[in-house]
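Please read it beside the sequence and the model.

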Amino acid sequence: MKDSEFLESDFIHLNQVTKNYKDPASNIKFQALRGIDLTISQGSITAIIGPSGAGKSTLLNILGGMTFPSTGSVTVDNMLLNDLDDHGLDTYRRNVVGFLWQLPERNLLPNLTALENITFSMEVSGYPRQERITRAKELLKSVGLGNRMNHKLGQLSGGEAQRASLSVALANKPKVLLADEPTGELDSETTMEIIDYLKQLNADLGLTIVVVTHDNRFERLTHQSYNILDGSIAGLRRSRSKLDSTDWRTAEREEVAVVDQFGKVRIPSHLRQKYHFGRYIRFIEDTESGRVYIEGVEHEL
Ligand SMILES: Nc1ncnc2c1ncn2[C@@H]1O[C@H](COP(=O)(O)OP(=O)(O)O)[C@@H](O)[C@H]1O
Ligand SMILES: [Mg+2]
């Protein structure tokens, strides 16, 4: 597939997604997601970055067909998830998405070896035995675990366990990998190692990857990163060259902010600091170019 085809496709699309939870003790309704709009191209890596409690896991669970939004629509690969029945959701979770969770014990069954974890997952999906074994070995080798195939969870280091988890997530050839804080338990070096594997999978297989995390480092390591705060998308940074970038660390990025229904815009904190924006900013219209600039107001009003 050519890059231009990637760019044209709205592979994943969320339109005004909300999610309400009811606090069982007080019975008070709490809005965890407040109208999320999101578009993700096929073959991209997207990070959704925000602090704890922002609604990241809720969003990922909705994308994974684990829970329904309260309102709004979710489309993945031309399927409207809202419309899927139990059988449709089962098939979707098994064949379209793969999950990578923060905790290895959520990804791997502790009594099975790394190899068995993958073959088990493929068996559930009905792959023939020989294909299961061949694929499991290939997957483990591709993440550098060729010599750890017969190890169980307890015999793997944190990084190894997460690489084995990645193989399990890919066992059924998903179109989308959904990762929830995949490096939350890992040290810096191992985190970068996992990120490198994710990038490699994305490049080699054209796998679409969505990572939710509180780790800002993902911002410069992905095609686009959304900022989520209090259940709303506050802004988006993306590589200008989109999927053409060869090195996203150095790719030129544009900063896109969301204008909410009241006209409020959040200025990213690094820009506020860099340009010394205080409590007030001034708008400067350039009618000739059709642009509006902003600058800080030096003195308090
Ligand atoms: N099952 C649930 N029932 C009630 N409240 C929930 C439930 N899951 C999440 N929440 C609340 O929704 C908010 C967002 O949670 P979550 O999506 O887990 O955020 P994050 O992953 O960004 O930390 C939090 O305030 C959390 O307490
Ligand atoms: Mg979470």
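Angles under 35 degrees count as roughly parallel, over 145 as roughly antiparallel, 65 to 115 as roughly perpendicular, and the rest as oblique. H7 and H8 are therefore roughly parallel to each other. The model is predicted, so local features need pLDDT of at least 70 and side-chain atom pairs count only at pLDDT 80 or more, while totals for chains, interfaces and linings use all residues. Residues are numbered from 1 along each chain as its sequence is written, and chains are lettered from A and ligands numbered from 1 in the order in which they are written.

**Overall form**

- The chain has nine helices and 13 strands (DSSP runs numbered from the N terminus: helices are H or I of at least four residues, strands E of at least two).
- A compact globule of 301 residues would have a radius of gyration near 19 Å, and the 21 Å of the chain agrees with that (taken over C-alpha atoms; the globule rule is 2.2 Å times the number of residues to the power 0.38).
- The C-alpha trace spans about 70 × 45 × 40 Å along its principal axes.

**H7 and H8**

- The axes of H7 and helix H8 (residues 188-205) come within 10 Å and cross at roughly 20° (axes are lines fitted to C-alpha atoms, for helices over the stretch in contact, and angles run from 0 to 180 degrees between N-to-C directions).
- Gly158, Gly159, Gln162, Arg163 and Leu166 of H7 make the contact with Thr190, Glu193, Ile194 and Tyr197 of H8 (residues are in contact if their C-beta atoms, placed from the backbone, lie within 7 Å).
- This contact of H7 with H8 has three nonpolar, four polar and two charged residues (Ala, Val, Leu, Ile, Met, Phe, Trp, Tyr, Cys and Pro count as nonpolar, Asp, Glu, Lys and Arg as charged, and the others, Gly among them, as polar).

**H5 and H7**

- H5 packs against helix H7 (residues 158-170) at an angle of about 20°, with the axes 8 Å apart, which makes H5 roughly parallel to H7.
- The crossing of H5 with H7 is right-handed.
- From H5, Ala114, Asn117, Ile118 and Ser121 meet Ala164, Ser167 and Val168 in H7.
- The contact of H5 with H7 has four nonpolar, three polar and no charged residues.

**H5 and H6**

- Helix H5 (residues 114-124) and helix H6 (residues 129-142) pack at about 130°, their axes 9 Å apart, which makes H5 oblique to H6.
- H5 and H6 also cross in a right-handed sense.
- The contact of H5 with H6 divides into eight nonpolar residues, one polar and four charged.

**Ligand 1**

- Around ligand 1 lie Tyr21, Phe30, Ala32, Gly50, Ser52, Gly53, Ala54, Gly55, Lys56, Ser57 and Thr58 (a residue is near a molecule if its C-beta atom, placed from the backbone, lies within 6 Å of it).
- Strand S2 (29-40) and helix H2 (56-63) are the elements that give two or more residues to this shell.
- H2 gives the most, with three residues.
- By class, the shell has four nonpolar, six polar and one charged residues.

Methods
Left-handed = near helix turned anticlockwise from the far one by under 90°. Contact = placed C-beta atoms within 7 Å.
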